[in-house]
Amino acid sequence: MTTARETQAGGARHLAWPGVWNARDLGGLPVRDGVVRHGALLRASTLDAVDAPGWGAVLASGVRTVIDLRSRRERAGGAAAPPDAVRVLRLPLEEGLDAEPEFVGWMRAGWLGTPLYYARFVERWPTRCVDVVAAVAGATPGGVVVHCVKGCDRTGLIAALLLWLLGAPTQAIIDDYRRSEERLRTGAARGLGVADDGADIAAVLARAGTTSEGALRAFLEGLDLDPLRGAGLTDDDLHALRARAVSP
């Protein structure tokens with residue numbers, strides 16, 4: 001079976017997985033001393049609508065580990081089980097935070113659909129981010145796909161963090177993030193019942209005096225490795241991530 005990769009205008013790396021409107025391979029993106037290896041790191045919206053043939057396309061893209069960032073209440077009970085060759089790790093990035101006043105404030109301000117909260121999240125709950133990075137680095141052989149619901153926000157945070165740790169240029173990380181904004185406007189998203197809330201998101205960002213690009217750039221330029229190390233990120237994690245993901 002061939003990989004379900006589509007090359008689109010602007011260099012998008014969309015993967016045509018049945019039942020998934022926002023999936024792409026981070027392969028080919030420039031990083032320190034090389035590029036991301038194709039089939040090593042992938043990102044996606046929810047996989048709940050993937051049926052047995054769809055899982056065949058996921059497997060053909062190299063995926064052997066799925067990291068689900070959703071909270072328990074977001075998981076659909078009727079989702080098709082993945083094949084035995086795929087290991088699913090559930091690492092809910094925001095589980096239980098709806099009782100935290102700071103997080104509730106972000107929700108009320110509409111920040112959770114944007115990168116506006118990324119820096120504050122990493123500062124406040126760095127261990128949750130480090131746990132996902134370590135899981136990616138230490139996964140069994142094969143590709144790792146990280147997903148949430150839309151594959152934009154929580155997935156966007158983790159993808160940006162992984163690429164930053166690998167030394168990707170800031171603009172390359174921003175350009176990848178914005179591919180999800182483009183996918184949100186497609187018929188594929190409408191066909192799976194995903195509403196285009198791009199105008200609402202832009203309004204939230206405008207009230208904060210920025211754009212998605214500006215907010216993400218500020219997050220990336222303010223990142224510091226020391227707090228992540230303090231939360232448990234090790235040199236072994238970084239070496240394993242690079243060994244998994246980077247082709248010279």
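**Confidence first**

I am working with a predicted model, so I looked up pLDDT before anything else. The protein averages 93, and 95% of the residues score at least 70.

**Salt bridges**

I searched the whole structure and got 15 salt bridges. I went through a few of them one at a time.

I began with R154 and E74, whose side chains meet at 2.8 Å, N to O. This pair ties together distant parts of the chain, 80 residues apart. R154 sits in helix α5, residues 154–165, while E74 is in the loop between β5 (63–68) and β6 (87–90). Which of the two is buried? R154 is, with a relative accessible area of 9%. E74 comes out at 23%, so I note it as partly exposed; the cut-off for buried is under 20%.

Next I turned to R178, which I found in two salt bridges, one with E181 and one with E213. For R178 and E181 the closest N and O atoms are 2.9 Å apart. Why can these two reach each other along the helix? They are three residues apart in helix α6 (residues 170–184), so about one helical turn separates them. E181 has 22% relative accessibility and counts as partly exposed. R178 is also in the partly exposed class, at 35%.

The other bridge of R178, to E213, has an N to O distance of 3.6 Å. Here the link runs between helices: R178 is in α6 and E213 in α9 (residues 212–222), 35 residues apart in the chain. I put E213 down as partly exposed too, with a relative accessible area of 24%.

I also checked for salt bridges that share partners, and one network came up that joins R13, R24, R43 and D176.

**N22**

I looked at N22 next, in the segment before β1 (23–25). Is its side of the story buried or exposed? N22 is buried, at 1% relative accessible area.

What does the N22 side chain touch through polar atoms? I found a polar contact of 3.0 Å to the side chain of R24. I also found the backbone oxygen of G151 at 3.4 Å from a polar atom of the N22 side chain. R24 is one I had already written down as part of the salt-bridge network.

I then listed the contacts of N22, leaving aside neighbours within four places in sequence. They are H14, R43, A44, S45, K150, G151, C152, S180 and R183. R43 turns up here as well as in the network with R13, R24 and D176.

**A three-strand sheet**

Last, I traced an open sheet of three strands in the order β2-β3-β8, with antiparallel pairing. Which strands are at the edges? They are β2 (30–31) and β8 (246–247), each of which pairs on one side only. I followed β3 (residues 34–36) across to β8 and counted two bridges, in the antiparallel sense. For V35, the bridge partner in β8 is S247.

How values were computed. Residues numbered from 1 in each chain as written. Heavy atoms only, no water. Salt bridge = Lys/Arg side-chain N within 4 Å of Asp/Glu carboxyl O. Helix = DSSP H or I, 4+ residues; strand = E, 2+ residues; numbered from the N terminus. Buried < 20%, exposed > 50% of the residue type's maximum accessible area, 1.4 Å probe, protein only. pLDDT = per-residue confidence, 0-100. Polar contact = N/O pair within 3.5 Å; in protein donor to acceptor, adjacent residues only side chain to side chain. Contact = heavy atoms within 4.5 Å. Pairing = 2+ DSSP bridges.
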